[in-house]
Amino acid sequence: MTPQERAEQSAAAIWAGDSASKFIGISMDSVGPGIAVGHIVVQKHHVNGLDICHGGTLFHLADTIFAFACNSFNKRAVAQHCSINFIAPGMLGDTLTAAASKVNESGRNGIYDVSITNQKGETVALFRG
């Protein structure tokens, strides 16, 4: 099995049981060894009282794509610590794309960065897990 095949099969197995991400509308676009990309279209149920994308939705998107990247080696991995910086608001109708990539791996620990951008290529949030 190639590393790409392993990543794709690992993603398929995780996606099959990921009801939460499917429920809010996250779509998986691609996965590879240590990387993953997915997106969400901001709908009315994703916005908060200020009429911008809820921070929890952004975190959920980033955390989901992070999970696919760090589990792409078919070794069960969960987050030990995550942080997110909100850079700009996501707006109703925006397509927000999250791209995750491995930064470092040492023993049982890894660090992954996830950037969330809108359809204009503008950074909306930066996540590290």
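A pocket is an open set of grid points with protein on both sides within 12 Å along at least five of seven lines, and its lining residues have an atom within 4 Å of a point. The views below show a predicted model.

**View A. Lining of the second largest pocket.** S10, A13, I14, N71, N74, K75, R76, A77 and V78 line this pocket. Its volume is about 170 Å³. Four of the lining residues are nonpolar, three polar and two charged.

**View B. The largest pocket.** This pocket holds about 500 Å³ of space. Its lining counts 17 residues, with A77, V78, R108, N109 and G110 nearest the centre. Helix α3 and strand β5 each supply at least two lining residues. Strand β5 gives the most, with three. By type, the lining splits into seven nonpolar, six polar and four charged residues.

**View C. The W15–F68 aromatic pair.** The structure holds four aromatic pairs. W15 and F68 form a tilted one, with 5.9 Å between centres and 50° between planes. This pair links distant parts of the chain: W15 sits in helix α1 (residues 3–17) and F68 in helix α3 (residues 55–70), 53 residues apart. W15 has 23% relative accessibility, so it counts as partly exposed. F68 has 2%, so it counts as buried.

**View D. The F66–Y112 aromatic pair.** The ring centres of F66 and Y112 are 5.9 Å apart and the planes meet at 75°, so the pair is edge-to-face. F66 lies in helix α3 and Y112 in strand β5 (residues 109–117), so the pair ties together parts 46 residues apart in sequence. Both F66 and Y112 are buried.

**View E. An aromatic cluster.** F59, F66, Y112 and F127 form one cluster.

Definitions and conventions. Residues numbered from 1 in each chain as written. Predicted model: local features only at pLDDT ≥ 70, side-chain atom pairs only at ≥ 80, totals over all residues. Heavy atoms only, no water. Phe/Tyr/Trp six-rings, centres within 6.5 Å; stacked < 30°, edge-to-face > 60°. Helix = DSSP H or I, 4+ residues; strand = E, 2+ residues; numbered from the N terminus. Buried < 20%, exposed > 50% of the residue type's maximum accessible area, 1.4 Å probe, protein only. 1 Å grid on protein atoms, 1.4 Å probe; cavity = no way out; pocket = protein on both sides within 12 Å on 5 of 7 lines; lining within 4 Å. Points joined across faces, edges and corners; volume = space filled by probe spheres on them. Nonpolar A, V, L, I, M, F, W, Y, C, P; charged D, E, K, R; others polar.
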